[in-house]
Amino acid sequence: MTLGLINANPVVHAKKERHARTDDPHAVDPLDIYEHVRDIRDPEHPYSLEQLSVLSEDSVTVDEKLGRILITFTPTIQHCSMATVIGLCLREKLKDCFPPHFKVDIKVAPGSHADEESVNKQLNDKERVAAALENPNLRQLVEECLYSSEL
Amino acid sequence: MGGSTECVKHIELYVNSSATSLQQEASVNAIATLLKNDTLNIETLVREMEMYLTTTDHIIRSRGILLLAEVLAKLTSKPLTDTSIHSLIGFFSERLADWKASRGAIVGCLALLGRKKEVGMVTDSEAKAVALSYLQNLQVQALGQHDRKLSFRLMECILDHYACAIRDLGDVLLYGICEAIDEEKDPDCLVLVFHIIESLAKLYPDPSGPLSKFAQDLFEILGSYFPIHFTHRKGEDDDNKREELSRALLLAFASTPLFEPFSMPLLLEKLSSSLPSAKVESFRYISYCTTQYGSDRMVKYAQALWSSVKEATFISPQSTVSAESELTGGMGFLDNDMMTQAFVLLQEVMQQDIIFTNLVLSDKDINIFVNSLIESTDFGDISLLLRQKLHAAGHILSVCAKSSAASCNKVFESYFPLLMNALGISPAKPSQKSYLDDDCSVFKLNFGALYLCIDFLGACRCLTAFFDNFTLVSDFANQTWCAMLHRFSGPLMKGFISFLGSNIVDSGHNAFVYLCVKGLQTLSTFPESFVPVSKHLYDCSLLMLVSIVTSEINKTFSWTSALKALVEIGLFIDNCPDSGRASSYKSTVVEKIVFLISSGDITSSSSLKLQAAYDIGATRKEFMVRIVQGLDEAIAVHFSAAYELGNLESDKLATELLDTYSNKVLPWFLETGDSEEIPIKFALGIWANIENSRCINPRPPDNASNLLGATMTAMKKAVGSCTVEGQEMIINKSYELLLESNCFESMGFQSDNCSSKLKGLQQNHNFGSSTYRYEWLISLFASVVIALRPQACIPNGKMMVQLFISAILNGHVSSAHALSALVNKLPSKITGINSFRSISLEEVLDMIFGSFFRTSSNGSMSGNDGHEIDLSGLKLDTLRIQSAKSNVVIGLAWIGKALLMRGHVKVKDITMTLLGLLMLDGNIGDSNQLQEWTEVCDEEYVPQLMKCAADSFHIIMSDSEECLNRRYHAVIRPLYKQRFFSSVIPILSSLVVKSESSSVRSMLYRAFAHVVSDAPLTAILSEAKKLIPILLDCLAILSMDVLDKDIIYNVLLVVSGLLTDRNGEEAVIGNAPRIINQLIDLTAYSQSMAIRETAIQCLVAMSELPHTRIYPLKTQVLQSISKALDDPKRIIRQEAVRCRSAWYVIS
């Protein structure tokens, strides 16, 4: 494990206002998904992914007919080793919040990470995700991020 | 003495170092009681305690002293002799020097100094001795928090109660206090410290007295606390504590003008800080200090104060656009805290000295801003910042103008001519006689100038309203502003009027329209003694506003603002009784509006017009009476057009008019009181209308139901708001009309007639017309009866009851309401001389049961025990028979409700009959009457009848808007629902167990569901254990039929009530698996989203139960919830996620 923080001084943005949605139609849309993932805590800091601009409304795309969700997140720094943890958190969260027939793809935004290709590969590999979640340390870290009440 | 031994025991218990605080308190109370009932006197106590009070062991000594002190604190209302007080206070003040035992000494001093004169109090010299000892011996800052608090309280007490005694201590006192309070940090203590300083300032008010030497030192201590800000927040009451501290500090700051040289620089410095909260506080403090320090001292800060106010409000305005901004033409702003406080400060200083006005007026920034704004004419160009600045500048200048007549003069001199010039308005020439000439046309559209001008007018109005009470009119005339206003108000008003009248007004000019309307409103609401406009112009402006209200309904913005202005003007007239204006308002506005509603062209957007009529009427009673007159006329016209000719337009209109009447006008009169005339007149008017129109347009009833419904509601409300006499008048009139129209004969007490008439309805339209008329008559008559007060006398009760009974048999529900109202309110026995007109409850019930369950007259079903429904006249027509039976069931339900509400025993009979009907299918009801019922019925009709009987429980349990409520003076016994619930539920549940037929069981569950869902939750909770299994069966059976979703929802709400209540938990735990299974089924109930949502919420509530009970169900719940994650509705999906995470963490 690394010593010290990877990004010691992240830029914190304001939380956006939330509105209870009353509009029809009721199809699954990006905002719907964003509502679920915006409050995931960053593995390093007591801020949400939204506050650190790791995610925004535009980073989610969804195709309800094909049952596909694509999330593209932006790590705060190029060499962020936490990118994989963030990806794991997103995957776990979506597994809880959406029916199993949705296929979830998680990617880092193009050019936002030094090791983009391998991170993407790692995040979308079923075996490796399952293996990662078997690791008790990682599992604990992910759960802390998902169920944290620090925010 | 018995007391002394007992007290020794308690003393020992207290002094013992192992005693807990509870035990100590008990000992203190015990000793205090002994002293209070004189079993022990204080001298004996002291003697007994001598050892503890003087021992060299400081722990025991301090406990002993504290015990004595606490006992004394309990004796505040027991008289003590002067000698004992003298020796005790001497002892305690001496003990203050004993730092190891000082707490007891402080508490003791405090207890003795706080005594009232009647029970013996400390003398002045003794108090002074305490103060001296305090100042010499007590090192307050070296004590613990609680002791510090006590010693501050002691000082506070001395300052408050013995101020004269210690006044000559002077420097010693001040020095001692400075030393004691220096460096204090605890919030509770600080509140006391601030109060001590305030009291000190009161003690030495002399500006050259001893306080002047110490003012700087004291303020140095005090100033370091400003602004109050907690760096370490602890709990929720931080905000309250902060408020309290800040208020105390504010009072201390402003306590003496001697602080001014030190406090003002500090506050001004904080004003320039970057912390917004510090700025807000500073503004607040300065505003208050200004009033306390006096204007002489404040003048030198004028420049500095003005520049900080300007900075906060004008240079960088922080106001936000308010929600109503649209309604005010884009100029509605909400000031933030800082601006609000800054304006308050400005107002304070303005009232102190005119120098501030001069400063504002000579300010270059404002001057340049106003001039440049006036030059740009287009409102579209003005940015948000400019608008905010304009808002601030307008506010500043109007505060100036409002503060005094002199400053108002100055403001007007500097700006008013400029504004008028920019608007292109020239003063009225005295010679000019004719108003509203063409040459005085529309002013120049200059938004800035217009806005400021309106602000000025508003300020003038405030000023005149302020002076109106105690200044003569002649005083005004000498003022410059007054003269200017007089010269310009006429042309201004003309300008406004002609602008509003011109056709350039479109949606782009909303802001101008708003300002013009507001200008007219302001100019029209100046007090009478100061009228800047002539009566003619006043009338013109009213006329203009009215014409907007009457003709420009499609321009929503102008319409609403004009209506609002008219209402304001009306309210103003009402406030100051001013006959001239009232009459011109009445003749111009009210008459126009009345004309509008009574004339034919009300058809388009009538609801808005009625709204306008009501709003304007509501400003004054006199106006409302006139408006009501107009409404009455309009109702008469349209009602007869709809009723006789079947005019659809009129039908719609009459309905709307009647709705306005029942929803707005009648409640208004009810609120203002003494208004019986109006409802009586209205009710009689409706009857007169019916009477005059002998024929009625034959139409299928479904089209007319709206009008009939509206008329009935209005009639009910009108009758309901009358007194007994009024009601009797109305019922007599309606009864006469009913007699005249042969209603009784036509409806017939003989079922034969009735049925032939009904057949006539189906076959022959000529008869149909008269039947329709009878329906009207009976419905309206029923409405009158429903709203009667219990005391009202009714004419010929028997006939009436007969009439209603036969109407019920024909399926007339309102008659059932009326009959139930009668049953609810009639006296059970007749006494006195009224009896020849009235009828008692028993008679009515006999008649009802007699005709509902009567042996038929033609003998076809004779030989029974006299309890069948009379079907003799109806048996010819199967359809009729069936509906008559359900009509009887509905009628019975209403009668049952009425009896239940007044707590009559016969409700039991009705309940049993209904239950019997409910089980028709199951052969359980083996009584003769029910067999008869089944015989007559078609086989296929039985289920429908059973359903009807089950639903009648809903009628009995639910609250009704139509009748039997407080508004219609029903007799309501408290807790009647509980009573019914607890008597019916055991029967129902035992029947459920016994019944074999599934259809009967489902009907029983249906009835059960109705009873449970309307019963109060507390009643259900007490029976929860028994009820839950039945509730679950109920849900299971009901969910088979899609039509029952409302009932399911109600039952589900009851279940969720049980789940969320602590008291229901035990019963829920016992049935957890069954409940969860049922809820899981309901999460997939596709017909209703509300049911799915509630079911999921219930599941979330279930996850709170003890984990051992619900853990086995976890997998099952999670599986079913994952289906809900795919729900078509978003809300359900969100609830499902919540539920899933709640269950997921169970382990």
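These questions and answers cover chain B of a predicted model.

User: How many helices and strands are there in chain B?
Analyst: Chain B has 1147 residues, and 55% of them are buried. Its secondary structure comprises 56 helices and two strands.

User: Are α8(B) and α11(B) roughly parallel or roughly antiparallel?
Analyst: Helix α8 of chain B spans residues 145-161 and helix α11 of chain B spans residues 187-203; they pack at about 20 degrees with axes 9 Å apart. Angles under 35 degrees count as roughly parallel. Therefore α8(B) and α11(B) are roughly parallel.

User: How many residues of the contact of α8(B) with α11(B) are charged?
Analyst: On the α8(B) side the contact includes Arg148(B), Lys149(B) and Glu156(B), and on the α11(B) side it includes Asp188(B) and Leu192(B). The contact residues divide into nine nonpolar and three polar, and the charged ones number six.

User: What is the handedness of the crossing of α25(B) and α27(B)?
Analyst: Helix α25 (residues 480-501) and helix α27 (residues 535-551) of chain B pack at about 20 degrees, with axes 10 Å apart. The two helices are therefore roughly parallel to each other. Their crossing is left-handed.

User: Which residues in α27(B) meet α25(B)?
Analyst: By class, this contact has seven nonpolar, three polar and one charged residues. From α25(B) come Gly490(B), Met493(B), Lys494(B), Ile497(B), Leu500(B) and Gly501(B); in α27(B) they meet Leu537(B), Cys540(B), Ser541(B), Met544(B) and Ile548(B).

Notes:
Residues numbered from 1 in each chain as written. Chains lettered and ligands numbered in written order. Predicted model: local features only at pLDDT ≥ 70, side-chain atom pairs only at ≥ 80, totals over all residues. Heavy atoms only, no water. Axes fitted to C-alpha atoms, helices over the stretch in contact; angles between N-to-C directions. Helix = DSSP H or I, 4+ residues; strand = E, 2+ residues; numbered from the N terminus. Parallel < 35°, antiparallel > 145°, perpendicular 65-115°, else oblique. Contact = heavy atoms within 4.5 Å. Nonpolar A, V, L, I, M, F, W, Y, C, P; charged D, E, K, R; others polar. Buried < 20%, exposed > 50% of the residue type's maximum accessible area, 1.4 Å probe, protein only. Left-handed = near helix turned anticlockwise from the far one by under 90°.
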